[in-house]
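Have a look at the sequence and the 3D view below. This report walks through a few parts of them together with you.

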Amino acid sequence: MDDKGFFMRLLEGVGLAVAHFVEEMGRIMVFFTETLLWLFRPPLNLRNIFKQMEEIGVNSVGVVIIMASFTGMVLALQSYTGFKRFNAESLVGTVVALSMTRELGPVLTGLIVAGRAGASMAAELGTMRVTEQIDALATMATNPIKYLTVPRVIAGFIMLPLLTIISNMLGIFGGYLVGVKVLDANPVVYMRRSFDYLEMNDVFSGLFKASVFGLIISVISCYKGFYAAGGAEGVGKATTGAVVISMMLILISDYFLTAILF
Amino acid sequence: MIQVINLYKAFGRKQVLDGANLKIKKGESMVVIGGSGSGKSVLIKHIIGLLKPDKGTIVVDGKDMAKLKGGEVDNLRKKFGMLFQGAALFDSLSVWENVGFALKQHTKLSDKEIRAAAGEKLKMVGLAGIEDMMPVDLSGGMRKRVGLARAIAMDPEILLYDEPTTGLDPIMADVINNLIIEMREKLKVTSVAITHDMVSAYKIADRIAMLYEGKIIEVGTPGEIKSTKNPIVKQFITGSAVGPIKVG
Ligand SMILES: Nc1ncnc2c1ncn2[C@@H]1O[C@H](COP(=O)(O)OP(=O)(O)OP(=O)(O)O)[C@@H](O)[C@H]1O
Ligand SMILES: [Mg+2]
């Protein structure tokens, strides 16, 4: 009926959403900058850092192992099916190793940690916010960003690459299992093919990406928890928001990092 | 000791504080009363600098809060102890780590010494021996008392209480009232309590101030407040649904 009205409203809606997004990214940058400033101001709370390394890293090992092994296995199956069509089956090991270290290891690990540790970080800090525990920290002359955010960001930055190393090894191992046991490849040849074409640079750029993802996850999740408002519902929203935004930013930054690094 | 001068604060379009003025003398126990959502918590959070005024000044100990830098704010805050409405204990820390938190952050004491100091404070609030319990395992009254022990851990000069008795049974509420009186007598602290529990207000206050529509509309001793001529204050302290205060 009223076409102009509809399009105007649509435009207005999109405009508002974009404005809101830009504003939120701005606040995240401010939060990140503040975190960095506190990060370089000693002393560091080692106890909290280790606790967070356990929370983010050690407690994620289980899911990461399962994710990486099955990813490596299915990669081997899929690339075998494809490569067989032009008689390149012997390259299965190479493809698995390169895909895991350059791309799937860091990205899938990032996504899984975002879902697991990112969600729990946002929920924990969100609960602390709505129950006034963050205010309580401030009243005791303790900066909440230094006490809560800095250890999580450091832990994310360190643990993501370590988890990715585990991912890479298990992915390659999963591919090897399928290649040798299911597809009857020669074990020695498979192994050689896996590593012959793999360069140190592939591994390191993957680990560098993982560190960036670790930063993204911890900063976004802390930010979302920090600014949670409105009781249990607010904490729920903050948690969902943390996971969704982290995942988006991981995928988006992955493209740009890849474009720059390779 | 504490001066709130012409304080304005709005959240979005909602004007919560609209020119509030309040003076609290050294060693005095001031109680701020007011309805739910009238801005009592917002007022007390300004006093300790958790919220920044849109307009107006908070002067503590002769210093303008807004003019202090980060480190100076923290130094001033070490003079404060605050008991939050929901106690705000740290879930991830045990009772003694909660009580000793500020000592851990700001002194060089060993864990053993902090634990002992925390034990002392817990004894003061009648909770000796619960050092190793976790906050989730405590009842509401115990949480408030642990919160109080934490607030006095650094021997503050000023204690802020956000609804210390709300949600407690009458006996536990009286236990808390007595503790607040004891803190003032033993530790000589200046205190600001906010509440809508009139029994508690009469018992712990030297003076009572009423917050209504963003302003302090009356200040007086409990006796003066009881015999007030202001119809708004009268309606509030007698707890009547009929009167000038708009309900809903
Ligand atoms: N951080 C905030 N953001 C937005 N609005 C807020 C914030 N803090 C308080 N408010 C609003 O300010 C008003 C006053 O809140 P406040 O918590 O001070 O009330 P109160 O007098 O302490 O009430 P109660 O007795 O229920 O604790 C409320 O309408 C509340 O929604
Ligand atoms: Mg309140």
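## About the model

This is a predicted model, in which local features need pLDDT of at least 70, side-chain atom pairs count only at pLDDT 80 or more, and totals for chains, interfaces and linings use all residues. Residues are numbered from 1 along each chain as its sequence is written, while chains are lettered from A and ligands numbered from 1 in the order in which they are written.

## Where the chains meet

Chain A gives 10 residues to the contact and chain B gives 15 residues (two residues are in contact if their C-beta atoms, placed from the backbone, lie within 7 Å). On the side of chain A that touches chain B, there are 4 nonpolar, 4 polar and 2 charged residues. Here Ala, Val, Leu, Ile, Met, Phe, Trp, Tyr, Cys and Pro count as nonpolar, Asp, Glu, Lys and Arg as charged, and the others, Gly among them, as polar.

## Around ligand 1

Ligand 1 has 13 residues around it, and B:Phe11, B:Ser36, B:Lys40, B:Ser41 and B:Val42 come nearest (near puts the C-beta atom, placed from the backbone, within 6 Å). In chain B, β2 (14-24) and α1 (40-47) each give two or more residues to this shell. Helices (H or I, at least four residues) and strands (E, at least two) are DSSP runs, numbered from the N terminus. The shell holds 3 nonpolar, 8 polar and 2 charged residues.

## Helix α6 of chain B

Is α6(B) enclosed or open? It is largely enclosed by the rest of the structure, because 10 of its 12 residues are buried (20 or more other C-beta atoms within 10 Å of its own, all placed from the backbone). Among them are B:Met142 and B:Leu148.
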